[in-house]
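My entries follow in the order I looked things up.

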Amino acid sequence: MAEISRKLFLFSILLAFFGNTRLTNANEVDQNDEATVEIEEDDQYVSPELNSDSVYLSEHFDDENAFKRKWIKSEAKKQGVDENIAKYDGKWEIQQPIRKILKNDFGLVLTTEAKHAAISTLLDKPFEFKNKPLIVQYEVTMQEGQNCGGAYIKLLSKGTNTKADLRKFHDQTPYTIMFGPDKCGNDNKLHFIFRHKNPKNGTIEEKHSKKPTQRLDDIYKDKEPHLYTLIVRPDNTFSILVDNKEVNAGSLLEDFTPPVNPPEEIDDPNDKKPEDWDEREKIVDPSATKPDDWDETEPAQIKDPNAIKPEGWLDDEPEMIPDPSAVKPSDWDEEMDGTWEAALVDNPACESAPGCGQWAPPTVPNPNYKGIWRAPLIPNPNYKGKWNPRRIPNPDYFKDDHPFQMTPIHGVGFELWSMSPMLLFDNVLVTDDFALAERWAQQTFVLKKAKLSRDSDSFLDRGLKYAGDNPWVYAVVILGAFLVIGFVTYLLCGPKSEPEADPKKTDAFVEDDPHQSEAEEDLKEEEPREKPTKTKADLEGPEEEVENVTLTTEASPTETEGAGDGHRKRKPRKE
């Protein structure tokens, strides 16, 4: 027991040493690395600020007083709906998320459901589509999911120039671009709609982008913040990003319905198909006649004339009989329930017979059957092909090579209806510099996602992540694992104290004296034993015995330390 205790004590010291080494190294890394674990866990959030001429609007909703001065709730009514529900009476509030992520981070929340709601603000300066791209970016958190409704943003066109105009904001207010998620049932959309002005007649038409290249179902149900980014470039290309990953891209000229430019030619609306125009490719042969031997009265199936009734067929036995064990219920009332009849069961007499009941031969195809005669089809000698109206130049044709040059934007707003409450909007940005949009996201959205990721990580996940950032941890873990395995193996399979030799040289009972010291035992063991006869083998024995003891001592220091606990091994004497 003393030996095992010493081993366990040494093992504990080594574990404490390596644990202390790990903590020391971790502290050294933390002191040299600004992005330490402790700093990350503090979730340092400061309301972002972008001071640049490239910013047209930056709204983080963290200052409620500034929000009330800047954003205007609509006092208008939705057009084309019942008077009782036409008013924009949905409620907007500045709140922290239900699931608090960062300290002092607030957002704009549509707290009501099944109500029309509209709110808007003016840009710090109008955005004009000239030689710089338009970048629109904002966050949406569907805190209770989304069953049916939109969470898109509208970029209001020139003409909405004052706060008085914002109070009249409604569904028919002219906008230049509408962008963002929309869902109802299984129909999930990520809108990018721009209103294009016909340069020929001045009419306005909505152009809808193609669908995203991937499904985006999770954004409507995971209840986490998502970042939506739209980039429209002067070269007429666009990109749509969700959480900084591109999900849609294309051209304003090619990837919208209806297309920006109409076709050069159209079908003549006044052209009509001639009455004698024959579009039939084949016709019935008028010269064909039914053969004289064609018999249409023959049936398709007839009874097999070669069939023979199997022997033992029971013609007089029915296949089903009333259940002989059935008993009429005691509460059966024949006046109300009708005549009682036992349920039918299989006739036991038919079990050993090939069949019961009236036998009839099976039916087989009729070799004389030909069916109804029809005349064959032949090519139509008067066939002229499929008729199409002639093509004429499109009187409404125009060619706009620069659809990017849209109506200037003077404001932004949310005009929504949703069946799910607590929609949260945050960090709205309008800029012409994508690097600024990335910096804005780093100060807001990226912090949130990092915090959510840390909160969802298990202890093991955090350890693996920390080890990934600090490769030295792997070396410590591997070394520690080898040490643990080595010590466990040593404790279980290592050298042990030698058992006492069988006392063959005495007839008396030998018992260890618990009060005897190890020194006394060593002296006692070194006393020469009496030998009845000294031979050459006896004389050689002690010399070899000492040599053997010396070798064993050199090979196993541990055994030497415990030598006093038992008798040393003696080399067998040579006879």
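**Strand pairing**

I looked up the bridge partner of E59 and found V428, in β25. I took strands as DSSP runs of E with at least two residues, numbered from the N terminus. I counted two strands as paired if DSSP finds at least two bridges between them. Strand β1 (residues 55–59) and strand β25 (residues 423–431) are joined by four bridges and run antiparallel. I then checked how covered β1 is: five of its five residues are buried. For burial I used relative accessible area, with buried under 20%, exposed over 50% and partly exposed in between (1.4 Å probe, protein chains only).

The model is predicted, so I noted its limits: local features need pLDDT of at least 70, side-chain atom pairs count only at pLDDT 80 or more, and totals for chains, interfaces and linings use all residues. Residues are numbered from 1 along each chain as its sequence is written, and side-chain values use heavy atoms, with hydrogens and water left out.

Next I followed β5 (residues 116–127). Two bridges join β5 to strand β2 (residues 72–73), and the two run antiparallel. In that pairing I found K73 opposite I119 of β5. Strand β24 (residues 409–417) is also antiparallel to β5, with eight bridges between them. There A118 stands opposite E415 of β24.

**Disulfides**

I searched for cysteine sulfur atoms within 2.5 Å, which is the rule for a disulfide. The count came to two. Numbering the bonded cysteines along the chain, I get the pattern 1-2, 3-4.

The sulfur atoms of C148 and C184 lie 2.0 Å apart. This pair links distant parts of the chain, 36 residues apart, with C148 in strand β7 (residues 148–150) and C184 in strand β9 (residues 175–184). The angle about the S-S bond is -90°, and the link of C148 and C184 is left-handed. C184 counts as partly exposed, because its relative accessibility is 44%.

For C350 and C356 I read a sulfur separation of 1.8 Å. The link of C350 and C356 is left-handed, at -125° about the S-S bond. Both C350 and C356 are buried.

**H191**

I located H191 in strand β10 (residues 187–197). H191 has a relative accessible area of 11%, so I list it as buried. I then looked up its contacts, meaning heavy atoms within 4.5 Å. Leaving out residues up to four places away in sequence, H191 touches Y152, M178, F179, G180 and D182. With D182, the side chain of H191 makes a polar contact of 3.0 Å. A polar contact here is a pair of N or O atoms within 3.5 Å; within protein, one must be able to donate a hydrogen and the other to accept it, and residues adjacent in sequence count only if both atoms are side-chain atoms.

**Confidence**

Last, I read the pLDDT, the predictor's confidence in each residue, from 0 to 100. The protein chain averages 82, and 77% of the residues score at least 70. Over residues 16–42 the pLDDT stays under 50, and I found 18 contacts beyond four places in sequence for this stretch. Residues 514–521 are also below 50, and that stretch has four contacts beyond near neighbours in sequence.
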